[in-house]
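This report goes through a protein model part by part. Look at the sequence and the structure before reading on.

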Amino acid sequence: MKLPILTSSLLALSAVLSPAADKPNIVFIMADDMAWADVGFNGHKFFETPNIDKLSKDGTLLNQMYAGGPNCAPTRACLVTGMYTPRHHIYQPGAMCKGDKSKMRLVVPGSCDEGKSAFPSLTSLKPEVTSIAEVLKTAGYTSGRFGKWHLGEDTQGFDVSTSDGRDGPNNKHYGSKTVADTITDAAIDFMKVKVKEKKPFFVYLTHWDVHGPIRAKSSLVDKYKAKNTKLGTSFNPIYAGMMEQVDTSVKRMREAVESLGIAKNTIIIFTSDNGGANYTDNKPLKSAKGALHEGGIRVPSCVYWKGKTIAGKTVDTVITSVDMLPTFAELAGAKLPTNQPVDGTSVTSALTGAPKQELAHRAVFWHYPHYLVGTKGKSRVIPPFGSTVGYFRGTPSTAMREGDWKMIYFIESDQAELYNIAKDPYEKKDLRESNPAKYKEMISTLKSWQKNTHAPVPTKINPLFGKPEVKKENNKKGKKNKAVKRK
């Protein structure tokens with residue numbers, strides 16, 4: 001499996017795109033926990049994603065698309081607000097660290113009682129935040145969100161909000177075998193109404209699949225069990241079925257756009273919210289969901305816009321979730337918010353296959369000041385510094401990508417890893433010692449960014465660190481849980 005690093009030729013952008021005049025419809029489709037390596041266009045030989053693959057073949061493959069965070073909630077907040085995590089303060093679902101508190105070296109939310117006020121860690125966007133839907137509303141757009149939200153109870157300017165296409169916006173549908181169908185139904189119905197009304201629209205279709213607990217239609221599970229038998233492989237047939245459910249949704253959305261006669265004025269973007277987790281393998285990328293290595297934040301992505309994107313084009317521009325708000329604003333001719341920073345950059349030129357040169361040299365950042373417990377098996381990560389080796393897949397850290405170079409700074413140890421992603425996309429060789437000048441330059445830029453964004457950088461030692469773990473034991477008789485000390 002290869003990760004192509006290509007340089008796209010520059011074209012005259014004015015001949016390709018005139019966003020303010022056209023006001024294109026925007027369809028953004030996001031899978032949950034789908035690994036970069038899971039799709040056919042990135043080389044997977046077992047999971048079947050023919051429709052996502054065709055979208056990339058007919059359009060532009062975004063080879064270096066990154067999620068805004070290493071897990072679901074921060075990525076969604078970055079995308080919806082155009083701001084980095086230290087500005088919206090959403091770092092983790094539930095806002096608290098996950099795992100054995102005695103293994104968390106630093107005081108952070110959830111590490112100990114003292115950590116409750118360590119720094120703001122929220123589960124909801126503040127109502128005063130200007131969302132991507134509110135930005136597009138200034139240009140006359142109607143917006144609908146269908147599926148997983150994970151950002152609190154406020155509708156944040158979306159005109160339609162539903163978690164499963166039937167009920168309200170905030171229910172949970174993990175493991176539903178039919179939710180991919182029902183949210184796709186609702187999104188298509190929404191598009192039909194807007195086409196009749198002759199109004200530009202934004203569809204934010206965010207799947208619950210392929211997040212666990214994994215469940216899929218029995219016919220699909222049987223199909224992939226048989227395929228394993230035939231090929232002598234051992235891929236998870238349920239996960240494979242969920243992959244197909246997402247792929248079918250992409251097919252249905254594209255067919256609806258075509259049948260409604262709006263393909264030439266509708267841009268379709270497909271991506272995932274972070275790297276894969278327990279049921280898949282991120283290889284050849286390093287690490288998994290929860291980490292700031294490539295396996296945690298690099299995601300499969302492609303874009304198709306009939307007559308605008310270049311068929312078969314691969315663009316190597318680094319793009320992150322915070323870029324979506326300014327990009328959609330440029331496409332729509334909408335006004336950017338003035339009440340909050342806009343950390344992203346419009347990448348409309350990259351979406352159409354002709355990235356501007358300055359995009360290749362900008363710096364982008366990730367900040368994750370929490371702990372996320374690892375899981376047994378291949379999604380487990382061994383942090384190089386600090387906390388108990390092999391236990392966490394994510395520890396307090398900041399990452400930076402600038403051009404070909406990437407740095408991951410581990411807060412516990414005040415040390416960093418340095419990689420040249422162009423030459424080493426799998427992060428096998430740490431170059432911090434062989435490139436001291438680049439290391440010094442990037443660590444200075446990274447720490448300046450932390451300071452400028454008021455990013456929380458925990459330093460206080462957790463008083464529970466190294467002490468016996470405190471667990472909660474379920475009482476089968478239904479009595480209250482009681483804490484017990486590990487012997």
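## Overview

The model is predicted. The protein has 13 helices and 17 strands. Of its 487 residues, 59% are buried. The protein exposes about 19800 Å², and carbon and sulfur atoms supply 52% of that area.

Contacts can also be sorted by distance along the sequence. Taking those between residues at least 6 apart in sequence, 72% join residues that are at least 24 apart.

In soluble globular proteins, nonpolar side chains tend to be buried together. The largest nonpolar core here has 43 residues, and M191, V203, M253 and F270 touch the most other members. Several elements give two or more residues to this core, including strand 1 (25-31), helix 7 (179-197), strand 5 (201-206) and strand 6 (266-272). Helix 9 gives the most, with 9 residues.

M253 shows what such contacts look like in detail. Leaving out residues up to four places away in sequence, M253 touches V27, I29, T184, A187, I188, M191, V203 and L205. Another core, of 41 residues, lies apart from the largest one; F202, I319, A332 and V347 are among its members.

## Salt bridges

The structure holds 24 salt bridges. One of them joins the side chains of K289 and D33, with 3.1 Å from N to O. K289 lies in the loop between strand 6 and helix 10, and D33 in the loop between strand 1 and helix 3, so this pair ties together parts that are 256 residues apart in sequence. K289 counts as buried because its relative accessibility is 9%, and D33 counts as buried because its value is 5%.

A second pair is D185 and R252, whose side chains meet at 2.5 Å, N to O. D185 is in helix 7 and R252 in helix 9, and the two are 67 residues apart. Both are partly exposed: D185 has a relative accessibility of 33%, and R252 has a relative accessible area of 26%.

K447, the residue in the opening question, also takes part in a salt bridge. Its partner is D414, and the closest N and O atoms are 2.9 Å apart. D414 is in the loop between strand 14 (405-410) and strand 15 (415-420), while K447 is in helix 13 (residues 436-452); 33 residues separate the pair. D414 counts as partly exposed, at 42% relative accessibility. Elsewhere, D32, R76, K148 and D273 are linked in a network of salt bridges.

Where does G295 lie? G295 is in helix 10, which covers residues 294-297. Its relative accessible area is 1%, so G295 is buried.

Leaving aside neighbours within four places in sequence, G295 is in contact with G275, G276, N282, L285, K286, S287, A288 and K289. N282 is 13 residues away from G295 in sequence, and the C-alpha atoms of the two are 5.6 Å apart. K289, another of these contacts, is the residue that forms the salt bridge with D33.

Terms used
Residues are numbered from 1 along each chain as its sequence is written. This is a predicted model: local features need pLDDT of at least 70, side-chain atom pairs count only at pLDDT 80 or more; totals for chains, interfaces and linings use all residues. Side-chain values use heavy atoms; hydrogens and water are left out. Helices (H or I, at least four residues) and strands (E, at least two) are DSSP runs, numbered from the N terminus. Buried means under 20% relative accessible area, exposed over 50%, partly exposed in between (1.4 Å probe, protein chains only). Contact means heavy atoms within 4.5 Å. Accessible areas come from the Shrake-Rupley method with a 1.4 Å probe; for residues, only the protein chains shown count as cover. A nonpolar core is a set of buried Ala, Val, Leu, Ile, Met, Phe, Trp, Tyr and Cys residues joined through side-chain atoms within 4.5 Å. A salt bridge is a side-chain nitrogen of Lys or Arg within 4 Å of a carboxyl oxygen of Asp or Glu.
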